[in-house]
Amino acid sequence: MKPEFKGLQPKTTNKLKEAVEYAYLDNELFIFLQDESSRQELIDSLVTTFFQEQQDDFEDILQINQSFQEYDLITEKLAASTNLDSNPKWGIRKAVIRNTFFRKTIVRVYDSQCAFCGIRVTKAVNQNIVDGAHIKPFAQFYDSRIHNGIALCKNHHWAFDRGWFTADEQYKIIVSRELEEISPYSKPMKDFHGERLLLPNKEQYFPEVEALEWHRQNIFQG
Ligand SMILES: [Zn+2]
(Lines give C-alpha, C1' and ligand atoms only; values in the text may rest on other atoms or scores of the structure.)
Protein backbone atom coordinates (compact mmCIF):
# COMPACT_ATOMS: atom_id res chain seq x y z
CA MET A 1 0.00 0.00 0.00
CA LYS A 2 1.20 3.52 -0.69
CA PRO A 3 2.09 5.22 2.63
CA GLU A 4 -0.64 7.89 2.29
CA PHE A 5 -3.35 5.20 2.16
CA LYS A 6 -2.19 3.39 5.23
CA GLY A 7 -5.05 1.86 7.13
CA LEU A 8 -7.72 2.95 4.64
CA GLN A 9 -9.95 0.42 2.94
CA PRO A 10 -10.42 1.32 -0.74
CA LYS A 11 -13.98 0.49 -1.75
CA THR A 12 -13.78 0.77 -5.54
CA THR A 13 -11.39 -0.68 -8.10
CA ASN A 14 -10.14 2.79 -9.01
CA LYS A 15 -9.47 3.69 -5.40
CA LEU A 16 -7.73 0.38 -4.95
CA LYS A 17 -5.48 1.08 -7.93
CA GLU A 18 -4.59 4.47 -6.45
CA ALA A 19 -3.87 2.99 -3.06
CA VAL A 20 -1.78 0.01 -4.04
CA GLU A 21 1.79 0.28 -5.27
CA TYR A 22 2.23 -3.35 -6.19
CA ALA A 23 1.16 -6.79 -5.09
CA TYR A 24 2.76 -10.18 -4.75
CA LEU A 25 0.81 -13.09 -6.12
CA ASP A 26 0.95 -16.42 -4.47
CA ASN A 27 3.24 -18.59 -6.63
CA GLU A 28 0.70 -21.31 -7.17
CA LEU A 29 -1.95 -18.75 -8.08
CA PHE A 30 0.42 -17.08 -10.52
CA ILE A 31 1.08 -20.37 -12.33
CA PHE A 32 -2.64 -21.16 -12.30
CA LEU A 33 -3.43 -17.78 -13.90
CA GLN A 34 -1.18 -18.48 -16.89
CA ASP A 35 -3.69 -20.95 -18.24
CA GLU A 36 -6.83 -19.61 -19.92
CA SER A 37 -9.18 -22.35 -18.81
CA SER A 38 -7.92 -22.02 -15.24
CA ARG A 39 -8.60 -18.28 -15.41
CA GLN A 40 -12.11 -19.05 -16.62
CA GLU A 41 -12.61 -21.47 -13.75
CA LEU A 42 -11.46 -18.83 -11.29
CA ILE A 43 -13.79 -16.20 -12.77
CA ASP A 44 -16.67 -18.69 -12.57
CA SER A 45 -15.90 -19.48 -8.95
CA LEU A 46 -15.62 -15.83 -7.97
CA VAL A 47 -18.81 -14.84 -9.77
CA THR A 48 -20.83 -17.72 -8.34
CA THR A 49 -19.47 -17.10 -4.86
CA PHE A 50 -20.22 -13.38 -4.84
CA PHE A 51 -23.52 -13.58 -6.68
CA GLN A 52 -24.82 -16.76 -5.05
CA GLU A 53 -28.06 -15.17 -3.89
CA GLN A 54 -28.82 -13.73 -7.31
CA GLN A 55 -28.28 -17.09 -9.00
CA ASP A 56 -31.98 -17.84 -9.38
CA ASP A 57 -32.74 -14.34 -10.65
CA PHE A 58 -30.21 -14.88 -13.36
CA GLU A 59 -32.22 -17.69 -14.84
CA ASP A 60 -35.06 -15.19 -15.33
CA ILE A 61 -32.73 -12.49 -16.60
CA LEU A 62 -31.29 -14.87 -19.17
CA GLN A 63 -34.74 -15.48 -20.57
CA ILE A 64 -35.37 -11.84 -21.25
CA ASN A 65 -34.12 -10.32 -24.44
CA GLN A 66 -31.77 -7.68 -23.16
CA SER A 67 -32.10 -4.29 -24.74
CA PHE A 68 -29.88 -3.56 -27.68
CA GLN A 69 -28.79 -0.36 -26.00
CA GLU A 70 -26.96 -2.43 -23.46
CA TYR A 71 -25.37 -4.54 -26.16
CA ASP A 72 -24.28 -1.42 -27.99
CA LEU A 73 -22.56 -0.28 -24.86
CA ILE A 74 -20.84 -3.62 -24.40
CA THR A 75 -19.84 -3.64 -28.06
CA GLU A 76 -18.37 -0.19 -27.68
CA LYS A 77 -16.32 -1.23 -24.69
CA LEU A 78 -15.20 -4.40 -26.39
CA ALA A 79 -14.20 -2.45 -29.46
CA ALA A 80 -12.21 -0.04 -27.32
CA SER A 81 -10.35 -2.93 -25.84
CA THR A 82 -10.61 -6.50 -27.04
CA ASN A 83 -8.35 -7.51 -24.20
CA LEU A 84 -10.36 -8.18 -21.05
CA ASP A 85 -7.28 -8.22 -18.89
CA SER A 86 -5.98 -4.77 -19.70
CA ASN A 87 -9.16 -2.76 -19.53
CA PRO A 88 -11.73 -4.05 -17.10
CA LYS A 89 -14.44 -1.48 -17.81
CA TRP A 90 -17.77 -2.17 -16.23
CA GLY A 91 -19.44 -3.06 -19.53
CA ILE A 92 -16.99 -5.85 -20.07
CA ARG A 93 -17.18 -6.97 -16.48
CA LYS A 94 -20.93 -7.11 -16.83
CA ALA A 95 -20.57 -9.18 -19.99
CA VAL A 96 -18.15 -11.51 -18.20
CA ILE A 97 -20.56 -11.96 -15.30
CA ARG A 98 -23.49 -12.50 -17.62
CA ASN A 99 -21.47 -15.04 -19.59
CA THR A 100 -20.52 -16.95 -16.48
CA PHE A 101 -24.18 -17.23 -15.56
CA PHE A 102 -25.13 -18.06 -19.12
CA ARG A 103 -22.67 -20.94 -19.28
CA LYS A 104 -23.57 -22.22 -15.82
CA THR A 105 -27.31 -21.96 -16.42
CA ILE A 106 -27.09 -23.74 -19.77
CA VAL A 107 -25.07 -26.58 -18.25
CA ARG A 108 -27.60 -26.83 -15.40
CA VAL A 109 -30.74 -26.89 -17.55
CA TYR A 110 -29.15 -29.58 -19.75
CA ASP A 111 -28.26 -31.53 -16.61
CA SER A 112 -24.53 -31.43 -17.54
CA GLN A 113 -25.18 -33.53 -20.63
CA CYS A 114 -23.95 -32.93 -24.17
CA ALA A 115 -27.02 -32.29 -26.35
CA PHE A 116 -25.28 -34.08 -29.21
CA CYS A 117 -23.75 -37.26 -27.76
CA GLY A 118 -25.17 -37.38 -24.23
CA ILE A 119 -21.83 -37.55 -22.44
CA ARG A 120 -21.83 -36.34 -18.83
CA VAL A 121 -18.62 -36.23 -16.81
CA THR A 122 -18.18 -33.99 -13.78
CA LYS A 123 -15.53 -33.57 -11.14
CA ALA A 124 -15.81 -31.50 -7.99
CA VAL A 125 -18.23 -28.58 -8.14
CA ASN A 126 -16.99 -26.54 -11.03
CA GLN A 127 -15.36 -28.93 -13.46
CA ASN A 128 -17.56 -30.20 -16.20
CA ILE A 129 -16.90 -31.71 -19.58
CA VAL A 130 -19.76 -29.83 -21.22
CA ASP A 131 -19.80 -26.15 -22.14
CA GLY A 132 -22.69 -23.75 -22.29
CA ALA A 133 -22.31 -22.83 -25.96
CA HIS A 134 -23.82 -19.90 -27.84
CA ILE A 135 -25.72 -20.90 -30.98
CA LYS A 136 -25.42 -17.47 -32.58
CA PRO A 137 -21.86 -16.39 -31.64
CA PHE A 138 -21.63 -14.07 -28.66
CA ALA A 139 -18.98 -11.91 -30.34
CA GLN A 140 -21.46 -11.08 -33.09
CA PHE A 141 -24.86 -10.98 -31.39
CA TYR A 142 -24.18 -10.50 -27.66
CA ASP A 143 -27.19 -12.71 -27.11
CA SER A 144 -26.84 -14.59 -23.83
CA ARG A 145 -30.42 -15.69 -23.45
CA ILE A 146 -31.05 -19.31 -22.56
CA HIS A 147 -32.71 -19.66 -25.98
CA ASN A 148 -29.42 -18.93 -27.68
CA GLY A 149 -27.64 -21.62 -25.70
CA ILE A 150 -26.96 -25.31 -25.97
CA ALA A 151 -24.82 -27.61 -23.79
CA LEU A 152 -22.14 -29.44 -25.74
CA CYS A 153 -19.06 -31.44 -24.76
CA LYS A 154 -15.70 -29.98 -25.79
CA ASN A 155 -15.51 -31.99 -29.01
CA HIS A 156 -19.03 -31.21 -30.13
CA HIS A 157 -18.80 -27.57 -29.08
CA TRP A 158 -15.75 -27.23 -31.32
CA ALA A 159 -17.48 -29.10 -34.16
CA PHE A 160 -20.68 -27.05 -33.79
CA ASP A 161 -18.79 -23.74 -33.91
CA ARG A 162 -17.16 -24.87 -37.15
CA GLY A 163 -20.41 -26.02 -38.70
CA TRP A 164 -19.64 -29.73 -38.78
CA PHE A 165 -23.19 -30.36 -37.61
CA THR A 166 -26.34 -28.42 -36.95
CA ALA A 167 -30.00 -29.16 -36.18
CA ASP A 168 -33.27 -28.68 -38.03
CA GLU A 169 -36.49 -27.08 -36.75
CA GLN A 170 -37.50 -30.43 -35.19
CA TYR A 171 -34.16 -30.43 -33.30
CA LYS A 172 -32.94 -33.33 -35.45
CA ILE A 173 -29.18 -33.49 -35.92
CA ILE A 174 -27.77 -32.82 -39.39
CA VAL A 175 -24.14 -33.93 -39.79
CA SER A 176 -21.90 -32.72 -42.60
CA ARG A 177 -21.36 -35.36 -45.27
CA GLU A 178 -17.75 -34.34 -45.66
CA LEU A 179 -16.43 -35.69 -42.36
CA GLU A 180 -13.81 -38.40 -42.55
CA GLU A 181 -13.99 -40.21 -39.32
CA ILE A 182 -12.49 -43.09 -37.38
CA SER A 183 -14.02 -43.64 -33.98
CA PRO A 184 -13.05 -47.10 -32.72
CA TYR A 185 -14.44 -46.78 -29.18
CA SER A 186 -17.42 -44.51 -29.52
CA LYS A 187 -20.30 -43.87 -31.86
CA PRO A 188 -19.13 -41.95 -34.96
CA MET A 189 -20.53 -38.47 -35.41
CA LYS A 190 -22.21 -39.32 -38.70
CA ASP A 191 -24.30 -42.01 -36.94
CA PHE A 192 -26.00 -39.24 -34.96
CA HIS A 193 -27.46 -37.84 -38.18
CA GLY A 194 -31.26 -37.79 -37.90
CA GLU A 195 -31.32 -38.26 -34.14
CA ARG A 196 -32.93 -35.65 -31.93
CA LEU A 197 -30.78 -33.38 -29.78
CA LEU A 198 -30.95 -34.18 -26.05
CA LEU A 199 -32.86 -31.16 -24.77
CA PRO A 200 -33.72 -29.78 -21.31
CA ASN A 201 -36.73 -31.15 -19.45
CA LYS A 202 -38.57 -27.87 -19.70
CA GLU A 203 -39.56 -26.77 -23.17
CA GLN A 204 -39.14 -23.12 -22.17
CA TYR A 205 -35.36 -23.69 -22.18
CA PHE A 206 -35.18 -25.23 -25.66
CA PRO A 207 -32.97 -23.48 -28.22
CA GLU A 208 -34.80 -20.99 -30.34
CA VAL A 209 -35.73 -22.39 -33.75
CA GLU A 210 -34.70 -19.08 -35.29
CA ALA A 211 -31.19 -19.32 -33.76
CA LEU A 212 -30.74 -22.84 -35.13
CA GLU A 213 -31.95 -21.65 -38.52
CA TRP A 214 -29.30 -18.92 -38.44
CA HIS A 215 -26.70 -21.55 -37.57
CA ARG A 216 -27.81 -23.80 -40.46
CA GLN A 217 -27.59 -20.95 -42.92
CA ASN A 218 -24.45 -19.22 -41.74
CA ILE A 219 -22.23 -21.75 -39.98
CA PHE A 220 -23.19 -25.22 -41.14
CA GLN A 221 -21.05 -26.70 -43.88
CA GLY A 222 -23.14 -29.42 -45.52
ZN1 LIG B 1 -20.71 -34.49 -27.18
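Analyst: **From a loop to the core**

Asp 111 lies in the loop between H6 and strand E1 (122-123). Helices (H or I, at least four residues) and strands (E, at least two) are DSSP runs, numbered from the N terminus. This is a predicted model: local features need pLDDT of at least 70, side-chain atom pairs count only at pLDDT 80 or more, and totals for chains, interfaces and linings use all residues. Numbering starts from 1 along each chain as its sequence is written.

Asp 111 is not a glycine, yet its phi is positive, about 50°. It counts as exposed because 12 other C-beta atoms lie within 10 Å. The cut-offs, with C-beta atoms placed from the backbone, are 20 or more other C-beta atoms within 10 Å for buried, 12 or fewer for exposed, and partly exposed in between.

Tyr 171 also has a positive phi, about 65°, without being a glycine. It is found in the loop between E5 and E6. With 17 C-beta neighbours inside 10 Å, Tyr 171 is partly exposed.

Now the core. A nonpolar core is a set of buried Ala, Val, Leu, Ile, Met, Phe, Trp, Tyr and Cys residues joined through C-beta atoms within 7 Å. The largest one has 25 residues; Ile 106, Ala 115, Ala 151 and Leu 152 have the most contacts inside it. At least two residues each come from helix H6 (90-109) and strands E3 (130-134), E4 (149-153), E5 (165-167) and E6 (173-175). H6 gives the most, five residues.

Take Leu 152. Beyond its neighbours within four places in sequence, its contacts (C-beta atoms, placed from the backbone, within 7 Å) include Ala 115, Phe 116, Val 130 and Ala 133.

E3 has five of its five residues buried. Val 130, Gly 132 and His 134 cover one side, Asp 131 and Ala 133 the other. E3 and E4 run antiparallel, joined by five bridges; strands pair if DSSP finds at least two bridges between them. Gly 149 in E4 is the bridge partner of His 134.

Ile 173 lies in strand E6. It is buried because 21 C-beta neighbours fall inside 10 Å. Leaving out residues up to four places away in sequence, Ile 173 touches Phe 116, Phe 165 and Ala 167, among others. Glu 195 is another residue it touches. The C-alpha atoms of Ile 173 and Glu 195 are 5.5 Å apart, although 22 residues separate them along the chain.

Note on methods: Two residues are in contact if their C-beta atoms, placed from the backbone, lie within 7 Å.
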